[in-house]
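Subject: Structure handover

Hello,

Please find the structure you asked for below. My notes on it follow.

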Amino acid sequence: MLGFLQRPVVVTADINLNVVALTAVGLLSRLWQLAYPRAVVFDEVYYGQYISFYMKRIFFLDGSGPPFGHMLLALGGYLGGFDGNFLWNRIGAEYSTNVPVWSLRLLPALAGALSVPMAYQIVWELGFSHCAAVGAALLILIENALITQSRLMLLESVLIFFNLLAVLSYLKFFNSQKHGPFSPSWWFWLMLTGVACSCAVGIKYVGVFTYFLVLGVAAVHAWHLIGDQALSNARVLCHLLARAVALLVTPVLVYLLFFYVHLLLLCRSGPHDQIMSSAFQASLEGGLARITQGQPLEVAYGSQVTLKNVFGQPVPCWLHSHQSTYPMIYENGRGSSHQQQVTCYPFKDVNNWWIVKDPGRHQLVVNNPPRPVRHGDIVQLVHGMTTRLLNTHDVAAPLSPHSQEVSCYIDYNVSMPAQNLWRLDIVNRESDRDVWKTILSEVRFVHVNTSAILKLSGAPLPDWGFRQLEVVGEKLSRGYHGSTVWNVEEHRYGRRAGGEGAGAALAYADGRQQEPQLRGQWRMLTVRSDDSEHKYSSTPLDWVTLDTNIAYWLHPRTSAQIHLLGNVVIWASASLATLVYALLFIWYLFRRRRRVCDLPEDCWLRWVLAGALCAGGWAVNYVPFFMMEKTLFLYHYLPALAFQILLLPVVLEHVSDHLCRYGALAATPPWGAGSRGVLNGDSSVMQMGLGSQKRHKQGSTGVQRRRLTKAGGRGRRLMCT
């Protein structure tokens with residue numbers, strides 16, 4: 001039992017010195033003088049601001065991608081002791097002494113360095129030679145576009161790392177399937193495949209293309225597994241469940257974990273709060289939480305409220321009105337009611353305040369004790385600054401003629417009576433007597449006279465409406481939609497009697513002097529900019545031909561520059577290899593359809609798998625960009641390029657082993673020493689290159705097709721069935 005104390009514990013390990021050497025050289029090429037230049041380089045100005053938010057724990061949400069990549073970059077800043085105090089406002093700005101440049105660029109550099117030995121492992125696991133594996137690693141190592149991208153605080157190298165890790169993990173799992181299914185290593189590589197796929201998607205949304213590729217290959221293998229008669233039904237079911245858990249459930253859980261950690265870290269109010277719900281904003285330190293602290297929970301008659309649209313599209317906004325009226329005649333010739341405009345405004349403003357009024361009473365203050373408003377109650381909404389009531393009638397809205405115009409009623413002493421009664425509909429109620437609550441309740445306002453629902457159409461009004469968003473009365477309700485739902489964000493009990501007093505109190509509380517500046521900001525946001533392209537933007541066709549580059553950085557005093565520019569020899573060779581693979585694959589496929597097999601079955605399966613992962617990886621990471629309506633840059637091609645580079649040594653080895661060798665065999669005369677000729681009966685037939693055959697009748701056995709393969713330096717005939 002204690003025998004281990006009497007004998008030494010010996011651990012043996014197989015170390016591939018090629019992998020060690022490639023890793024060392026990769027680290028050297030990516031880490032040497034990593035802090036140069038000590039200035040903001042291209043998109044570092046974009047990612048750096050998010051790192052500062054993480055360091056200060058300020059909430060943000062980047063609409064262009066998931067948070068995992070930003071968190072990895074922020075981890076480098078945290079390890080380097082970065083406090084987040086740096087103004088990321090221009091490319092080329094010199095970093096201050098408090099910015100740990102080396103640490104911030106460390107993780108992308110490590111990811112780029114580790115991609116080198118990973119390329120070796122992928123080609124090796126595909127079943128190709130050591131020479132081909134080393135060739136793939138060296139090509140990844142010396143490709144200058146990959147080196148440049150991995151030495152900066154950018155995410156492409158990290159995305160490539162997780163793409164390659166997902167493919168390598170699946171190959172390890174697939175190869176272990178033959179020897180030890182359900183073993184610890186089998187489970188490890190299968191689970192790592194799912195985690196790596198989730199990390200790739202968590203870096204950038206385009207990582208989902210590699211995830212779908214791995215899922216597709218795994219689905220094909222699972223389909224063949226189902227047809228394996230050597231496995232019992234229970235065994236097949238276990239295999240399928242294991243793959244579903246590892247490749248479907250695990251990636252989803254890990255992806256959600258990224259957002260959980262993101263929200264856990266960022267607990268302070270920031271510049272992106274408004275895109276979130278009022279309840280979420282109130283949970284952050286500062287910002288809305290500071291404003292809403294201590295405000296009443298239950299909305300009562302006489303409450304002063306701001307109403308935010310839950311949908312938040314195209315931008316978060318609040319129900320708003322002002323003194324201006326709708327024009328008598330619109331540009332298209334239609335007439336309006338000339339009533340006071342009601343809009344949705346995307347900034348906090350004194351004109352966003354409304355008073356909840358009991359239609360049966362004239363007072364605009366809260367009773368003591370307050371009378372809460374409940375689901376189904378009839379209310380009037382009084383605009384706080386103008387004391388006019390929210391109204392809608394059978395007049396077409398300015399931009400949505402199939403909907404009703406919403407206004408604040410002005411009595412022009414004409415035959416258009418006020419229609420200002422609204423029924424409160426609490427959408428997320430638990431019972432029909434629920435009380436209207438601040439922030440928590442999501443409500444709809446249903447017009448009593450016409451049954452129209454107060455709705456944000458989202459269309460920006462012309463200049464006469466200050467380019468604010470149109471609000472309409474939707475007659476035809478198409479079920480629940482966020483554009484018809486509102487919630488109370490700010491709330492206080494009105495204590496003053498009289499409309500003018502209430503308006504004065506509102507003006508004093510919020511500061512009306514801010515309105516012109518905010519309205520100017522809104523105009524800047526809504527005016528459409530010209531569709532001019534970025535100076536260094538490019539198209540997917542430019543990437544393949546390397547007809548583009550990006551000037552990343554220029555030293556302000558010397559001629560030192562950093563450009564993203566690919567190695568033309570590697571890019572052209574990789575593109576040619578992809579074309580050769582496609583042509584050979586189609587040629588083999590047609591010949592196999594004719595029962596002519598040029599490759600042994602194991603060789604053919606290896607060739608197909610290599611193409612599915614390498615050529616397929618290039619295609620799924622490249623072709624979708626033709627359908628994307630966004631500004632594209634050369635670095636978007638790098639994930640596809642990494643897969644294409646892996647294909648180059650694979651194609652070269654295949655051509656060398658199966659085409660050039662067959663050509664040499666075919667060139668040898670059948671009567672020479674070590675003859676590769678095939679003698680059949682009285683005729684001498686030399687079988688050429690890609691396995692061209694000659695048919696011979698053999699009694700009643702029909703036609704058999706033969707081809708030449710190498711075996712101990714001599715040719716021999718094999719059947720293809």
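Is Cys344 buried or exposed? Cys344 is buried, with a relative accessible area of 0%. Buried here means under 20% relative accessible area, exposed means over 50%, and partly exposed lies in between (1.4 Å probe, protein chains only).

Before the rest, some notes on the source. This is a predicted model, in which local features need pLDDT of at least 70 and side-chain atom pairs count only at pLDDT 80 or more, while totals for chains, interfaces and linings use all residues. Residues are numbered from 1 along each chain as its sequence is written, and side-chain values use heavy atoms, with hydrogens and water left out.

The chain as a whole

The chain has 721 residues, of which 50% count as buried. Its secondary structure comes to 20 helices and 20 strands; these are DSSP runs numbered from the N terminus (helices: H or I, at least four residues; strands: E, at least two). A contact means heavy atoms within 4.5 Å. Among contacts in the chain with a separation of 6 or more, 72% are between residues 24 or more positions apart. The chain exposes about 34,400 Å², and carbon and sulfur atoms supply 60% of that area. Accessible areas come from the Shrake-Rupley method with a 1.4 Å probe, and for residues only the protein chains shown count as cover.

The disulfide

The structure holds 1 disulfide, a term for a pair of cysteine sulfur atoms within 2.5 Å. The disulfide joins Cys317 to Cys344, with an S to S distance of 2.3 Å. The link of Cys317 and Cys344 is right-handed, with 90 degrees about the S-S bond. This pair links distant parts of the chain: Cys317 is in the loop between strand S1 (303-309) and strand S2 (318-325), and Cys344 is in strand S3, 27 residues apart. Cys317 counts as buried, at 0% relative accessibility.

Salt bridges

Side chains of opposite charge can pair when their charged atoms come close. A salt bridge is a side-chain nitrogen of Lys or Arg within 4 Å of a carboxyl oxygen of Asp or Glu. The structure holds 16 salt bridges.

One of them is between Lys204 and Glu156 (2.2 Å, N to O). Lys204 is in the loop between helix H10 (184-203) and helix H11 (207-226), and Glu156 is in helix H9 (residues 156-177), 48 residues apart. Lys204 counts as buried at 15% relative accessibility, and Glu156 is buried at 4%.

Another joins Glu489 and Lys348 (2.6 Å, N to O). Glu489 is in strand S12 (residues 486-493), while Lys348 is in the loop between strand S3 (340-345) and strand S4 (353-357), 141 residues apart. Glu489 is buried, with a relative accessible area of 0%, whereas Lys348 is partly exposed at 29%.

The side chains of Asp463 and Arg467 also meet in a salt bridge (3.8 Å, N to O). Asp463 counts as partly exposed at 48% relative accessibility, and Arg467 counts as partly exposed at 21%. Salt bridges that share partners join Lys308, Lys348, Glu489 and Glu490 into one network.

Helix H10

How far apart are the end C-alpha atoms of H10? They are 28 Å apart, which agrees with the 28 Å that its 20 residues should span at 1.5 Å a residue. The expected span is 1.5 Å times one less than the number of residues. The buried residues of H10 include Trp186, Leu190 and Ile203. Their cover includes helix H4 (68-79), H9, H11 and helix H12 (233-265).

Aromatic pairs

A search of the whole structure finds 45 aromatic pairs. Rings of Phe, Tyr and Trp (its six-membered ring) pair if their centres lie within 6.5 Å; planes under 30 degrees apart count as stacked, over 60 as edge-to-face and the rest as tilted. The rings of Phe42 and Tyr552 have their centres 4.8 Å apart and their planes at 20 degrees, so this pair is stacked. Phe42 and Tyr552 are 510 residues apart, and both are buried. The rings of Tyr326 and Trp464 have their centres 6.0 Å apart and their planes at 75 degrees, so this pair is edge-to-face.

Regards
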